[in-house]
Amino acid sequence: MEGPTRRPSRTVAPWVLADPPSMGAIFWRKTVLPTRVSQKDRLQRFYERFKGDDQVLVLINADPDAIASAMAVKRLLWRKTAGVNIASVNIVKRPDNLAMIRLLNIRMEQVGDVDPARFTRFVLVDSQPAHHELFTPFAFDVVIDHHPITDVAAPLVDVRPDYGATATILTEYLRAARIKPSAKLAAGLFYAIKTDTDNFKRRAAPEDIRAFQYLFRHANIPLVRKIEQSEMRLDFLRFFKSALQERRIRKGRVFVHLGPVPSPDILVLIADFFMRVEDIHWSVVSGLHDRKLVVILRNDGIRKDAGLVAKRSFGDIGSAGGHHSAARAEIAVNELPKSLDPKDAAKVQNWIIAALSRNTNHRRQNR
Ligand SMILES: [Mn+2]
């Protein structure tokens, strides 16, 4: 069986080489080693952007994918430049992200704390310059991302919107460079792909699956598990207690208003928690944070539209929107009706229930 499959490539190659050499090269590249060769080219173009005495600053909007991708850039440039620093435009607050930074020993600064004059090269990963105002002053040398492409001008732009994670792209760079990732770097990239694809429930490319399989072999999986399970902070637990005590349940809908909370993530965790109860098909958890009333909506996604409900109920006084099963509204406290005292939890709760019931009970009439 070997003969027939091998013979054509043997006969094709001399014919290609007999043609103009440039044509031959293209033919060879496109038919024989398309992904490999182009990834090698990408890696070469990446390395061409740096010199041995460069001080490199990698900028990110920190989330697991951005953090892991920045780690990979640092690894790619190890011993190839004078130094690589990572700076983020946001302050990391999510417990799982904090656990990732701590468990993987990631050194990261705030962009406001770094002196750009100290650096000679700038890299942006998992974002594009237009995504954040703090990115705009920088002249990036390299931009690697997987979000839909915007107007990007940089000597090397590698944006692949089909990919589920930037970590997948960086895994390909590492493999092209024949760098075996450390157990921690692999854990970071592995976790990044898991979160950005929502455990492959969101759109992903075959490349994401391939990178995932590869990283699994190298990653410290218990570390990944610990990061993943770090969704809570100890001080969050008392809000679970009051949520269980104060909850109101009406026809499979649970409502709870928690008053001031140290982070809106608490509301998300509790709203998701109530959805685990078999009889619950809507969960609405609200609280006050940063002079805003934050309302988190969850439902089972069966013939419901949380995004639409949020928009109709709160869209004219605040920002509101989301998907079919998950939505969020944020209303500045001074935009609330004057008659409503934001400190009166029971009144705020009633006001939220009234606003929502206009849009959930009579959906058909509202159409
Ligand atoms: Mn991403």
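Biologist: What should I know before we start?

Modeller: This is a predicted model, where local features need pLDDT of at least 70, side-chain atom pairs count only at pLDDT 80 or more, and totals for chains, interfaces and linings use all residues. Residues are numbered from 1 along each chain as its sequence is written.

Biologist: How many helices and strands are there in the protein?

Modeller: The protein has 14 helices and 12 strands. Helices (H or I, at least four residues) and strands (E, at least two) are DSSP runs, numbered from the N terminus.

Biologist: And how much of the protein is buried?

Modeller: Of the 367 residues, 34% are buried. Buried means that 20 or more other C-beta atoms, placed from the backbone, lie within 10 Å of the residue's own.

Biologist: What about strand 1, is it enclosed or open?

Modeller: Strand 1 (residues 55-60) has five of its six residues buried, so it is largely enclosed by the rest of the structure. Six bridges tie it to strand 2 (residues 83-88), and the two run parallel. Val 56 sits opposite Val 84 in strand 2.

Biologist: New topic: in what order do the six strands of the open sheet come?

Modeller: The order is 7-8-9-10-12-11, with mixed pairing. Strands pair if DSSP finds at least two bridges between them. At the edges are strand 7 (248-250) and strand 11 (319-322), each pairing on one side only.

Biologist: How do strand 8 and strand 9 run?

Modeller: Strand 8 (residues 253-260) and strand 9 (residues 282-289) run parallel, joined by six bridges. Pro 260 stands opposite Leu 288 in strand 9.

Biologist: Which strands does helix 13 lie across?

Modeller: Helix 13 lies across strand 8, strand 9 and strand 10 (292-299), at about 140° to strand 8. Axes are lines fitted to C-alpha atoms, for helices over the stretch in contact, and angles run from 0 to 180 degrees between N-to-C directions.

Biologist: How do helix 12 and helix 13 cross?

Modeller: The axes of helix 12 (residues 306-314) and helix 13 (residues 345-360) come within 9 Å and cross at roughly 125°. The contact includes Val 309 and Phe 314 of helix 12 and Ala 355 and Leu 356 of helix 13. Contact here means C-beta atoms, placed from the backbone, within 7 Å.

Terms used. Contact = placed C-beta atoms within 7 Å. Buried ≥ 20, exposed ≤ 12 C-beta atoms within 10 Å, placed from the backbone.
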